[in-house]
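Today I wanted to see how the parts of this chain sit against each other. Here are my notes, in the order I looked things up.

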Amino acid sequence: MTLALDTLTAVSPLDGRYADKTAALRDIFSEYGLIKYRYRVELRWLQTLANEQGIGELQSLSADEQNFIDRLYADFSPATAQAIKVIEKTTNHDVKAVEYQLKKDLAAHPELAEKIEFVHFACTSEDINNLSYALMLKDGRDWLGDRLNNIAEKLAQLAHAEAATAILSRTHGQAASPTTLGKEIANVHYRLSRQIRQLETQEMLGKINGAVGNFNAHHISYPNIDWPQLAQRFVENTLGLSYNPLTTQIEPHDYIAELMHNLLRANTILLDLCRDIWTYISQHYFKQKMIAGEVGSSTMPHKINPIDFENAEGNFGLANALAEHLAAKLPVSRLQRDLSDSTVLRSLGSVFAYTAIALASLEKGLSKLEVNRERIAADLAANPEVLGEAIQTVMRRYGIEEPYEKLKALTRGQDITPETLAVFVQNLELPEAVKAELSRLSPADYIGIAPQLARSAKETL
């Protein structure tokens, strides 16, 4: 028995369990989306050729013809894409099927019917495909960029809200000089913001130069046309992409590798954040809001597990695994062309989809966090030895010999109390005012300019 396809029977969780989180990407990365982009490129190429005076056999399009073409694209629907898939069953060639359907659609207009042989003129399939994927990635990048910016905004808000909330640092997992919760979040915000800026400026390259990249068919047909100039104008002005002037049959996909690495870095930064927050939850620095009806464990009723951060971590990992393969595979092609990239390109949407699922989980997790100020304060108070750095540094200023060694002997591996440190400070040859200041110092106060740094988070965007 073959089950009907729905969210319950889908093989991939992208269209199954997580379909609600990836639904917005269907119009971009689905088979329908790819066909729609191809249809668009073919239409715009025909319009560009018609506007080229050097092609005497193709008269300029009338306003009515232009409007008809624009309506064809505006009215493109899943029914049109399905008709193309029916043609593909005969052609066994997906791009040729688009060409045939487009010719059929244009033939409904008397003037355009005379021009249909200029559809796909001088093109190889990859002229259409590379531009379609570039448009797809541009739209996908913009969609995902909005969600990354939303996470960055939430991190900035948290950094500001907790800018002065002192917490114990743990370098190598051990008690270390205090920081603030806001400053730690600001660190992540700055890292993510850099990746967002790079993502927003990523070039999406395209070419339309024929079967081996030399304009062979173009030049033999119309040798007096400046085809590289026309191709550049089409790619940049008409489609809004960046022009690649030197290629084989395929655009070499270097920019896709750059995009994948960019997403991989952004995802890795947020994966790192998920693990840190998971650890802070386990240390009880954060509590999680209870959601009515939710169950944390099938047998331990008390539990509120950090599942949102765990789900985000897992899906960031899946996205990165795919992105890494795409970045390594796509720039490699035997001689002027092989087809090993074709099937791989169809998984581009999965990188975006797994990232989207992860971002949704992360956002949900962040919304459920509550700072456990009592536990944080208790942890700071229980580790006065972290003030050893402060004391030995002040000792250096005043020329006391071997300050580090003296504090090491006093504190390393020892149970230290505030009183122990106070006695040590009082016995130092320091100005009385300095002794008084060091004696009053607590771990909660020893945070440098962390609040100021945390509040600068939004300024880094």
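I began with the domains, whose bounds come from an automatic or database domain assignment. The chain splits into domain 1 (20-121), domain 2 (127-291 + 302-377) and domain 3 (384-452). I noted that this is a predicted model, where local features need pLDDT of at least 70, side-chain atom pairs count only at pLDDT 80 or more, and totals for chains, interfaces and linings use all residues. Residues are numbered from 1 along each chain as its sequence is written, and side-chain values use heavy atoms, with hydrogens and water left out.

Next I looked up domains 1 and 2. Their centres, taken over C-alpha atoms, lie 31 Å apart. Domain 1 brings 27 residues to the contact and domain 2 brings 29 residues (contact means heavy atoms within 4.5 Å).

Then I checked the buried area, the accessible area (1.4 Å probe) that two parts lose on being put together, summed over both. It is about 2600 Å² between domain 1 and domain 2, with 75% from carbon and sulfur atoms. Phe-29, Val-41 and Trp-45 lose the most area on the domain 1 side, together 25% of what that side buries.

How many salt bridges cross this interface? I found three, using a side-chain nitrogen of Lys or Arg within 4 Å of a carboxyl oxygen of Asp or Glu as the rule. I also looked up Arg-233 and Glu-52, whose side chains form a salt bridge at 3.6 Å, N to O.
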